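Here is a short report on one protein model. Look over the sequence and the structure first, then read on.

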Amino acid sequence: MVTLAEVAQHAGVSASTVSYVLSGKRSISAGTRLRVEQSIHELGYHPNAGARALASSRSNIIALMVPLRTDMYVPVMMEIAIAVATTARTHGYDVLLLTGEEGPDAVRRVTGSGLADAMILMDVELDDERLPLLRGTDLPSVLIGLPADTSGLTCVDLDFKATGALCVEHLAMLGHRDIAVIGEAPAVYERHTGFAERTLDGLRSRARDLGIRMLHRPCGGGYDAMAVTLARILDERPDTSGFVVQNEQAVEPLLALLRRQGRAVPEDVSVVAICPDQVAVQASVRLTSVSIPAQEMGRHAVERLVAKLDGRGTDEVVLIAPELTVRESTGSAPSAAS
């Protein structure tokens, strides 16, 4: 392993000069800095993390709390986590991944131990138990998600309320008057998870404005759960001609059940999904969808956190505008077409 002294000898400077170049604590001439940086690159020197932390009082680690629950679509969560990790590395930070469902205990462990310089929280609930602890600490933090009260917090999220409204507007424009929403698993709503509740708020508000009849039913994952949910919807609202799906695991079972019942998509029923593009384009019918901008959310969260660590950040709410892509799963309502 290359040492700091070897870098100094190679660059023809003192060890303290190399240290100042690495820490930025003192002004070093441009020529000397360049010579040191070239030596670091040529020798493949990597500062010792423990020594660097002692010298700077920083760990250069960001803690990412991403509870991996069975009722959530893990690929989206992990895509956000990967975006956080790759963006953090470009700023010189590593990521500590906390995947348990510890809630406030995990926040206490990080803030009390000095494990990390900052935190990013995912799977945010409207009344999240972790937030009072965050507001009571000096540790910089960013939420990927929106609680009911955002005061004193920095939050990044897709504008899920606008997402719900956009889905209703698209189906209404095609003449659909009876819409069913197939939502996340019941436990997601029982926890009052922010993204699900805000989507539902947008769906209901816009449906009311446009005079659309709307039915919402949570749905567990898998074919059997979807079969029960669909049967219930069609029993209660037999004229349903438009579906909005916010449940990646329900997409393919829904399409299969509609085919089995002889309901053609989009001739008889239209389907709009809120899901990653990969899910939409790989479905048995290419789905009209609002994409989940996972990479953009992760990148924005890290950039705002780094700004806070550098003393440049302020508390703010960043909402990413939804974009609906029309594909083969939506068309004119049967009554409108006739």
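Is Tyr 223 buried, partly exposed or exposed? Tyr 223 counts as partly exposed, because its relative accessibility is 33%. Buried means under 20% relative accessible area, exposed means over 50%, and partly exposed lies in between (1.4 Å probe, protein chains only).

## Basis of the model

This is a predicted model: local features need pLDDT of at least 70, side-chain atom pairs count only at pLDDT 80 or more, and totals for chains, interfaces and linings use all residues. Residues are numbered from 1 along each chain as its sequence is written, and side-chain values use heavy atoms, with hydrogens and water left out.

Tyr 223 lies in helix α11 (residues 223-236). Helices (H or I, at least four residues) and strands (E, at least two) are DSSP runs, numbered from the N terminus.

Tyr 223 and Pro 253 are 30 residues apart in sequence. In space, their C-alpha atoms are 4.9 Å apart. Leaving aside neighbours within four places in sequence, Tyr 223 is in contact (heavy atoms within 4.5 Å) with Pro 253, Ala 256, Leu 257 and Arg 260.

Arg 191 sits in the loop between α9 (186-190) and α10. Arg 191 counts as buried because its relative accessibility is 16%. Its side chain makes a polar contact of 2.9 Å with the side chain of Asp 71. A polar contact is a pair of N or O atoms within 3.5 Å; within protein, one must be able to donate a hydrogen and the other to accept it, and residues adjacent in sequence count only if both atoms are side-chain atoms. Not counting residues up to four places away in sequence, Arg 191 touches Arg 69, Asp 71, Met 72, Asp 123 and Glu 125.

Asp 123 is found in the loop between β3 and α7 (131-135). Asp 123 is buried, with a relative accessible area of 6%. A polar contact of 2.5 Å joins its side chain to that of Arg 69. Leaving aside neighbours within four places in sequence, the contacts of Asp 123 include Arg 69, Met 72, Met 77, Ile 144 and Arg 191.

Strand β4 (residues 141-144) is covered on both faces. Ser 141 and Leu 143 are buried on one side. Val 142 and Ile 144 are buried on the other. In a regular strand the side chains alternate between the two faces of the sheet.

Strands pair if DSSP finds at least two bridges between them. Strand β3 (residues 118-121) pairs with β4 in the parallel sense, over three bridges. Met 119 stands opposite Ser 141 in β4. Strand β5 (residues 155-158) also runs parallel to β4, joined by two bridges. Here Ile 144 stands opposite Val 156 in β5.

## The six-stranded sheet

An open sheet of six strands has the order β7-β6-β8-β9-β10-β12, with mixed pairing. β7 (213-218) and β12 (324-325) stand at the edges, each with a single partner strand, so one side of each is left without a neighbour in the sheet.

β6 pairs with strand β8 (residues 242-245) in the parallel sense, over four bridges. The bridge partner of Ile 182 in β8 is Val 245.

## Two cavities

The structure holds two cavities of 30 Å³ or more. On a 1 Å grid over the protein atoms alone, a cavity is a set of points where a 1.4 Å probe fits but cannot get out; lining residues have an atom within 4 Å of a point. Grid points are joined across faces, edges and corners, and a volume is the space filled by probe spheres set on the points. The largest cavity has a volume of about 320 Å³. Of the 22 residues that line the largest cavity, the closest to its centre are Met 72, Val 76, Met 77, Phe 160 and Phe 195. α5 (74-90) gives the largest share of this lining, three residues.

The second largest cavity has a volume of about 30 Å³. Its lining residues include Val 181, Tyr 189, Leu 203 and His 216. The elements that give two or more residues to this lining are β6 (178-183) and α10. α10 gives the most, with four residues.

Key:
On a 1 Å grid over the protein atoms alone, a cavity is a set of points where a 1.4 Å probe fits but cannot get out, and a pocket is an open set with protein on both sides within 12 Å along at least five of seven lines; lining residues have an atom within 4 Å of a point.
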